[in-house]
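Me: I am new to this structure. Could you take me through some of its local features by question and answer?

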Amino acid sequence: MQKKVIKQVHQRRKRVMQSLCEIERGTALTQAERNIITAALRLLEKDPRFGYDNPPLISDLLTLIENPPEELMRKAYTRDKDKYLAKVESLLETLSALLDGDLGEVFSQQTTTPIDFTGEDRPTGVCVDISALSHGDTKLEAAVMAACWEDGFGAIEAAHVLADCGLRDRLLFLAVLDEFWRVLAGPGMVSRVDALTRLTRTVGTALVMITHTVKDLESLEMDFDIMKAKGFIERAGALIVGALTSDEMDKLDSIIPFTRADKAWVSALSSPAGYDAQLEKPGPPPGRGFFLLKQGTERIPGHRFETVLTPTELKYQWHDTDSRFVDATDAGYAAQTAKDNAA
(Lines give C-alpha, C1' and ligand atoms only; values in the text may rest on other atoms or scores of the structure.)
Protein backbone atom coordinates (compact mmCIF):
# COMPACT_ATOMS: atom_id res chain seq x y z
CA MET A 1 0.00 0.00 0.00
CA GLN A 2 2.84 2.42 0.85
CA LYS A 3 4.49 1.92 -2.55
CA LYS A 4 1.13 2.43 -4.26
CA VAL A 5 0.54 5.72 -2.43
CA ILE A 6 4.05 6.98 -3.21
CA LYS A 7 3.48 6.21 -6.87
CA GLN A 8 0.09 7.98 -6.85
CA VAL A 9 1.59 11.09 -5.27
CA HIS A 10 4.37 11.14 -7.84
CA GLN A 11 1.95 10.74 -10.74
CA ARG A 12 -0.23 13.54 -9.45
CA ARG A 13 2.72 15.91 -9.00
CA LYS A 14 3.90 15.07 -12.50
CA ARG A 15 0.47 15.77 -13.99
CA VAL A 16 0.19 19.09 -12.17
CA MET A 17 3.62 20.26 -13.31
CA GLN A 18 3.07 19.19 -16.90
CA SER A 19 -0.35 20.88 -16.95
CA LEU A 20 0.99 24.13 -15.52
CA CYS A 21 3.90 24.18 -17.96
CA GLU A 22 1.67 23.49 -20.95
CA ILE A 23 -0.92 26.07 -19.90
CA GLU A 24 1.82 28.68 -19.42
CA ARG A 25 3.52 27.83 -22.71
CA GLY A 26 0.37 27.30 -24.76
CA THR A 27 1.82 24.19 -26.42
CA ALA A 28 2.62 20.66 -25.32
CA LEU A 29 5.91 19.72 -23.71
CA THR A 30 8.31 17.57 -25.68
CA GLN A 31 8.92 13.97 -24.64
CA ALA A 32 12.43 14.93 -23.46
CA GLU A 33 11.01 17.72 -21.27
CA ARG A 34 8.45 15.38 -19.73
CA ASN A 35 11.22 12.88 -19.00
CA ILE A 36 13.30 15.58 -17.30
CA ILE A 37 10.38 16.72 -15.13
CA THR A 38 9.60 13.14 -14.12
CA ALA A 39 13.21 12.37 -13.18
CA ALA A 40 13.67 15.67 -11.35
CA LEU A 41 10.51 15.14 -9.28
CA ARG A 42 11.70 11.67 -8.27
CA LEU A 43 15.00 13.14 -7.08
CA LEU A 44 13.21 15.83 -5.08
CA GLU A 45 10.94 13.21 -3.50
CA LYS A 46 14.03 11.37 -2.25
CA ASP A 47 15.60 14.57 -0.92
CA PRO A 48 15.51 14.52 2.94
CA ARG A 49 14.84 18.29 2.97
CA PHE A 50 11.30 17.65 1.76
CA GLY A 51 8.41 15.66 3.20
CA TYR A 52 4.66 15.51 3.63
CA ASP A 53 4.51 18.81 5.55
CA ASN A 54 7.11 20.50 3.35
CA PRO A 55 6.77 19.38 -0.28
CA PRO A 56 9.15 20.79 -2.91
CA LEU A 57 8.22 24.00 -4.69
CA ILE A 58 8.47 24.93 -8.37
CA SER A 59 11.56 26.97 -7.48
CA ASP A 60 13.19 23.79 -6.11
CA LEU A 61 12.37 21.98 -9.36
CA LEU A 62 13.82 24.84 -11.40
CA THR A 63 17.01 24.92 -9.31
CA LEU A 64 17.52 21.16 -9.64
CA ILE A 65 17.02 21.14 -13.42
CA GLU A 66 19.30 24.16 -13.80
CA ASN A 67 22.00 22.51 -11.67
CA PRO A 68 21.59 18.83 -12.54
CA PRO A 69 23.26 15.84 -10.93
CA GLU A 70 24.63 13.22 -13.30
CA GLU A 71 21.52 11.09 -12.91
CA LEU A 72 19.38 13.88 -14.31
CA MET A 73 21.77 14.63 -17.16
CA ARG A 74 21.53 11.00 -18.26
CA LYS A 75 17.82 11.57 -18.91
CA ALA A 76 18.89 14.09 -21.55
CA TYR A 77 21.32 11.50 -22.99
CA THR A 78 24.38 13.65 -22.46
CA ARG A 79 27.20 14.08 -19.98
CA ASP A 80 28.09 17.51 -21.28
CA LYS A 81 26.65 20.34 -19.13
CA ASP A 82 26.42 22.82 -22.02
CA LYS A 83 24.59 20.33 -24.27
CA TYR A 84 22.28 19.50 -21.39
CA LEU A 85 21.42 23.16 -20.75
CA ALA A 86 20.75 23.68 -24.45
CA LYS A 87 18.21 20.83 -24.34
CA VAL A 88 16.39 22.13 -21.26
CA GLU A 89 16.61 25.85 -22.02
CA SER A 90 13.00 26.10 -23.17
CA LEU A 91 11.79 24.12 -20.13
CA LEU A 92 13.74 26.39 -17.78
CA GLU A 93 12.18 29.45 -19.42
CA THR A 94 8.69 27.96 -18.89
CA LEU A 95 9.37 27.11 -15.24
CA SER A 96 10.77 30.59 -14.70
CA ALA A 97 7.62 32.10 -16.21
CA LEU A 98 5.55 30.09 -13.71
CA LEU A 99 7.37 31.88 -10.91
CA ASP A 100 6.78 35.33 -12.40
CA GLY A 101 3.71 37.57 -12.52
CA ASP A 102 0.24 36.39 -11.48
CA LEU A 103 1.06 32.70 -11.82
CA GLY A 104 4.06 33.14 -9.55
CA GLU A 105 1.95 34.77 -6.85
CA VAL A 106 -0.31 31.71 -6.82
CA PHE A 107 2.11 28.82 -7.37
CA SER A 108 5.46 29.91 -5.92
CA GLN A 109 4.70 29.21 -2.24
CA GLN A 110 3.33 26.41 -0.07
CA THR A 111 -0.43 25.88 0.06
CA THR A 112 -1.85 27.84 2.98
CA THR A 113 -5.16 25.97 3.29
CA PRO A 114 -4.83 22.35 2.12
CA ILE A 115 -7.89 20.21 1.41
CA ASP A 116 -8.05 17.45 4.01
CA PHE A 117 -10.76 14.79 4.32
CA THR A 118 -8.67 12.52 6.54
CA GLY A 119 -8.99 14.21 9.95
CA GLU A 120 -11.51 13.50 12.67
CA ASP A 121 -13.10 16.95 12.13
CA ARG A 122 -13.11 16.67 8.34
CA PRO A 123 -15.37 19.10 6.45
CA THR A 124 -18.62 17.94 4.91
CA GLY A 125 -17.91 20.10 1.86
CA VAL A 126 -15.17 22.21 0.33
CA CYS A 127 -15.64 25.08 -2.12
CA VAL A 128 -12.61 26.52 -3.88
CA ASP A 129 -13.59 30.10 -4.76
CA ILE A 130 -11.53 31.62 -7.58
CA SER A 131 -13.75 34.67 -8.11
CA ALA A 132 -10.95 36.94 -6.87
CA LEU A 133 -8.88 36.08 -9.95
CA SER A 134 -8.95 38.46 -12.88
CA HIS A 135 -11.59 37.26 -15.34
CA GLY A 136 -9.45 38.50 -18.20
CA ASP A 137 -6.57 36.20 -17.36
CA THR A 138 -7.79 32.91 -18.81
CA LYS A 139 -4.33 31.35 -18.47
CA LEU A 140 -4.26 31.94 -14.70
CA GLU A 141 -7.84 30.71 -14.29
CA ALA A 142 -7.14 27.52 -16.23
CA ALA A 143 -3.95 26.88 -14.25
CA VAL A 144 -5.67 27.40 -10.88
CA MET A 145 -8.62 25.18 -11.82
CA ALA A 146 -6.36 22.40 -13.09
CA ALA A 147 -4.28 22.53 -9.89
CA CYS A 148 -7.39 22.58 -7.68
CA TRP A 149 -8.85 19.55 -9.44
CA GLU A 150 -5.66 17.58 -8.95
CA ASP A 151 -5.44 18.65 -5.30
CA GLY A 152 -9.09 17.84 -4.67
CA PHE A 153 -8.89 14.36 -6.18
CA GLY A 154 -5.63 13.81 -4.30
CA ALA A 155 -7.48 14.52 -1.05
CA ILE A 156 -10.20 12.07 -2.11
CA GLU A 157 -7.62 9.36 -2.84
CA ALA A 158 -6.03 9.96 0.58
CA ALA A 159 -9.38 9.44 2.30
CA HIS A 160 -9.90 6.16 0.42
CA VAL A 161 -6.42 4.91 1.29
CA LEU A 162 -7.10 5.42 5.01
CA ALA A 163 -10.46 3.66 4.64
CA ASP A 164 -8.80 0.75 2.81
CA CYS A 165 -6.42 0.41 5.77
CA GLY A 166 -9.30 0.49 8.26
CA LEU A 167 -8.20 3.79 9.77
CA ARG A 168 -11.22 5.90 8.72
CA ASP A 169 -14.83 5.36 7.72
CA ARG A 170 -15.55 4.95 4.02
CA LEU A 171 -16.65 8.20 2.37
CA LEU A 172 -18.37 8.90 -0.93
CA PHE A 173 -17.78 12.17 -2.77
CA LEU A 174 -19.48 14.54 -5.19
CA ALA A 175 -17.07 16.69 -7.21
CA VAL A 176 -18.46 19.73 -9.02
CA LEU A 177 -16.31 21.21 -11.80
CA ASP A 178 -17.84 24.61 -12.54
CA GLU A 179 -16.88 26.91 -15.44
CA PHE A 180 -15.71 23.77 -17.21
CA TRP A 181 -15.01 25.53 -20.50
CA ARG A 182 -12.22 27.65 -19.02
CA VAL A 183 -9.80 24.78 -18.54
CA LEU A 184 -10.51 22.63 -21.61
CA ALA A 185 -8.60 24.89 -23.99
CA GLY A 186 -5.30 24.12 -22.26
CA PRO A 187 -2.95 21.73 -24.09
CA GLY A 188 -3.72 18.13 -23.18
CA MET A 189 -6.49 19.10 -20.74
CA VAL A 190 -9.26 17.35 -22.70
CA SER A 191 -7.38 14.05 -22.48
CA ARG A 192 -6.77 14.53 -18.76
CA VAL A 193 -10.44 15.26 -18.08
CA ASP A 194 -11.40 12.34 -20.33
CA ALA A 195 -9.33 10.03 -18.16
CA LEU A 196 -10.87 11.58 -15.05
CA THR A 197 -14.43 10.88 -16.22
CA ARG A 198 -13.59 7.21 -16.77
CA LEU A 199 -12.13 6.65 -13.29
CA THR A 200 -14.60 8.35 -10.95
CA ARG A 201 -16.40 5.09 -10.08
CA THR A 202 -13.14 3.56 -8.87
CA VAL A 203 -12.65 6.43 -6.41
CA GLY A 204 -16.24 6.48 -5.16
CA THR A 205 -16.94 9.88 -6.67
CA ALA A 206 -19.85 11.30 -8.64
CA LEU A 207 -18.81 14.03 -11.07
CA VAL A 208 -20.77 17.13 -12.10
CA MET A 209 -19.36 19.20 -14.97
CA ILE A 210 -20.92 22.61 -15.67
CA THR A 211 -20.46 24.62 -18.84
CA HIS A 212 -22.52 27.11 -20.83
CA THR A 213 -23.14 25.67 -24.28
CA VAL A 214 -22.11 22.90 -26.66
CA LYS A 215 -20.28 25.59 -28.61
CA ASP A 216 -17.81 25.77 -25.72
CA LEU A 217 -16.74 22.26 -26.64
CA GLU A 218 -16.79 22.89 -30.39
CA SER A 219 -14.46 25.86 -30.02
CA LEU A 220 -11.50 23.61 -29.19
CA GLU A 221 -8.70 23.69 -31.75
CA MET A 222 -8.27 19.98 -32.46
CA ASP A 223 -11.04 17.83 -33.96
CA PHE A 224 -10.12 14.85 -31.76
CA ASP A 225 -10.39 17.09 -28.67
CA ILE A 226 -13.87 18.16 -29.79
CA MET A 227 -14.93 14.52 -30.19
CA LYS A 228 -13.53 13.60 -26.78
CA ALA A 229 -15.24 16.58 -25.15
CA LYS A 230 -18.59 15.67 -26.71
CA GLY A 231 -18.03 12.20 -25.28
CA PHE A 232 -18.34 13.73 -21.80
CA ILE A 233 -21.97 14.48 -22.63
CA GLU A 234 -22.61 11.12 -24.26
CA ARG A 235 -21.27 9.15 -21.29
CA ALA A 236 -22.99 11.26 -18.64
CA GLY A 237 -25.53 9.36 -16.59
CA ALA A 238 -27.71 12.46 -16.44
CA LEU A 239 -27.80 15.73 -18.35
CA ILE A 240 -29.38 18.93 -16.98
CA VAL A 241 -30.12 21.69 -19.49
CA GLY A 242 -31.81 25.03 -19.18
CA ALA A 243 -32.52 28.12 -21.30
CA LEU A 244 -30.72 26.98 -24.45
CA THR A 245 -31.54 28.25 -27.93
CA SER A 246 -33.08 25.95 -30.53
CA ASP A 247 -29.72 25.83 -32.31
CA GLU A 248 -28.00 24.62 -29.16
CA MET A 249 -30.71 22.04 -28.55
CA ASP A 250 -30.20 20.72 -32.08
CA LYS A 251 -26.49 20.31 -31.34
CA LEU A 252 -27.29 18.46 -28.11
CA ASP A 253 -29.89 16.33 -29.89
CA SER A 254 -27.17 15.04 -32.22
CA ILE A 255 -25.38 13.66 -29.13
CA ILE A 256 -28.24 12.75 -26.78
CA PRO A 257 -31.74 12.49 -28.35
CA PHE A 258 -34.51 14.73 -26.98
CA THR A 259 -38.23 14.68 -27.73
CA ARG A 260 -39.62 17.49 -29.87
CA ALA A 261 -41.67 18.79 -26.92
CA ASP A 262 -38.65 18.92 -24.60
CA LYS A 263 -36.54 20.73 -27.20
CA ALA A 264 -39.28 23.33 -27.69
CA TRP A 265 -39.74 23.78 -23.93
CA VAL A 266 -36.02 24.30 -23.20
CA SER A 267 -35.69 26.70 -26.14
CA ALA A 268 -38.64 28.72 -24.83
CA LEU A 269 -36.83 29.16 -21.52
CA SER A 270 -34.21 31.31 -23.27
CA SER A 271 -36.78 34.00 -24.10
CA PRO A 272 -35.69 37.44 -22.84
CA ALA A 273 -37.37 39.16 -19.92
CA GLY A 274 -40.46 41.21 -20.68
CA TYR A 275 -41.78 44.42 -19.18
CA ASP A 276 -43.64 43.99 -15.90
CA ALA A 277 -46.48 46.55 -15.92
CA GLN A 278 -47.17 46.04 -12.22
CA LEU A 279 -43.55 46.67 -11.19
CA GLU A 280 -43.13 49.23 -13.99
CA LYS A 281 -39.77 47.72 -14.99
CA PRO A 282 -38.43 44.58 -16.73
CA GLY A 283 -39.36 41.40 -14.93
CA PRO A 284 -37.23 38.29 -14.44
CA PRO A 285 -36.50 36.06 -17.46
CA PRO A 286 -39.32 33.51 -17.86
CA GLY A 287 -36.86 30.60 -17.87
CA ARG A 288 -35.04 31.52 -14.68
CA GLY A 289 -34.74 28.48 -12.39
CA PHE A 290 -36.33 26.00 -14.82
CA PHE A 291 -34.38 22.99 -16.08
CA LEU A 292 -34.80 19.68 -17.85
CA LEU A 293 -33.26 16.49 -16.48
CA LYS A 294 -32.48 14.02 -19.27
CA GLN A 295 -31.42 10.48 -18.37
CA GLY A 296 -30.38 7.72 -20.73
CA THR A 297 -29.87 7.74 -24.47
CA GLU A 298 -33.41 6.94 -25.61
CA ARG A 299 -35.66 9.56 -27.20
CA ILE A 300 -38.02 9.69 -24.24
CA PRO A 301 -39.34 12.69 -22.26
CA GLY A 302 -37.09 14.25 -19.65
CA HIS A 303 -38.10 15.51 -16.21
CA ARG A 304 -38.89 19.23 -15.93
CA PHE A 305 -38.21 20.94 -12.64
CA GLU A 306 -37.73 24.33 -11.02
CA THR A 307 -34.91 25.38 -8.69
CA VAL A 308 -36.16 27.47 -5.77
CA LEU A 309 -33.66 29.43 -3.71
CA THR A 310 -33.83 29.23 0.07
CA PRO A 311 -34.52 32.33 2.20
CA THR A 312 -30.85 32.35 3.29
CA GLU A 313 -29.63 32.30 -0.33
CA LEU A 314 -31.99 35.15 -1.19
CA LYS A 315 -31.00 37.16 1.87
CA TYR A 316 -27.27 37.06 1.12
CA GLN A 317 -27.70 37.07 -2.68
CA TRP A 318 -25.15 34.25 -3.05
CA HIS A 319 -26.29 33.39 -6.57
CA ASP A 320 -27.22 36.87 -7.76
CA THR A 321 -24.97 37.72 -10.71
CA ASP A 322 -27.28 40.52 -11.89
CA SER A 323 -26.98 42.71 -8.79
CA ARG A 324 -25.12 45.54 -10.54
CA PHE A 325 -27.66 45.65 -13.36
CA VAL A 326 -30.53 45.58 -10.88
CA ASP A 327 -28.98 48.33 -8.73
CA ALA A 328 -28.41 50.51 -11.76
CA THR A 329 -31.89 50.02 -13.23
CA ASP A 330 -33.60 50.44 -9.85
CA ALA A 331 -31.69 53.69 -9.31
CA GLY A 332 -32.65 54.82 -12.79
CA TYR A 333 -36.33 54.08 -12.27
CA ALA A 334 -36.28 55.79 -8.87
CA ALA A 335 -34.68 58.90 -10.36
CA GLN A 336 -37.18 58.98 -13.22
CA THR A 337 -40.10 58.50 -10.82
CA ALA A 338 -38.84 61.35 -8.61
CA LYS A 339 -38.49 63.59 -11.68
CA ASP A 340 -42.01 62.71 -12.86
CA ASN A 341 -43.46 63.41 -9.40
CA ALA A 342 -41.64 66.74 -9.21
CA ALA A 343 -43.00 67.73 -12.61
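Me: What should I know before reading the values?

Reply: Residues are numbered from 1 along each chain as its sequence is written, and side-chain values use heavy atoms, with hydrogens and water left out. The model is predicted: local features need pLDDT of at least 70 and side-chain atom pairs count only at pLDDT 80 or more, while totals for chains, interfaces and linings use all residues.

Me: Are the rings of W149 and F180 stacked or edge-to-face?

Reply: Rings of Phe, Tyr and Trp (its six-membered ring) pair if their centres lie within 6.5 Å; planes under 30 degrees apart count as stacked, over 60 as edge-to-face and the rest as tilted. By this rule the count comes to 4 aromatic pairs. The centres of W149 and F180 are 6.0 Å apart and their planes are at 25 degrees, so the pair is stacked.

Me: Are W149 and F180 buried or exposed?

Reply: Buried means under 20% relative accessible area, exposed over 50%, and partly exposed in between (1.4 Å probe, protein chains only). By these cut-offs W149 and F180 are both buried.

Me: How are helix α2 and helix α5 oriented to each other?

Reply: Helices (H or I, at least four residues) and strands (E, at least two) are DSSP runs, numbered from the N terminus. Axes are lines fitted to C-alpha atoms, for helices over the stretch in contact (heavy atoms within 4.5 Å), and angles run from 0 to 180 degrees between N-to-C directions. The axes of α2 (residues 31-46) and α5 (residues 81-98) come within 10 Å and cross at roughly 90 degrees. Angles of 65 to 115 degrees count as roughly perpendicular, and α2 and α5 are therefore roughly perpendicular.

Me: Which residue of β2 is the bridge partner of L174?

Reply: Two strands pair if DSSP finds at least two bridges between them. β1 and strand β2 (residues 205-209) run parallel and are joined by 5 bridges. L174 is on the uncovered face of β1, and its bridge partner in β2 is A206.

Me: Is Y77 buried or exposed?

Reply: Y77 sits in the loop between α4 (70-75) and α5. Its phi is near 55 degrees, a positive value in a residue other than glycine. With a relative accessible area of 73%, Y77 is exposed.

Me: What is the relative accessible area of A243?

Reply: A243 lies in the loop between β3 (238-241) and α12 (246-253). Although not a glycine, A243 has a positive phi of about 50 degrees. A243 is partly exposed, with a relative accessible area of 38%.

Definitions and conventions: Angles under 35 degrees count as roughly parallel, over 145 as roughly antiparallel, 65 to 115 as roughly perpendicular and the rest as oblique.
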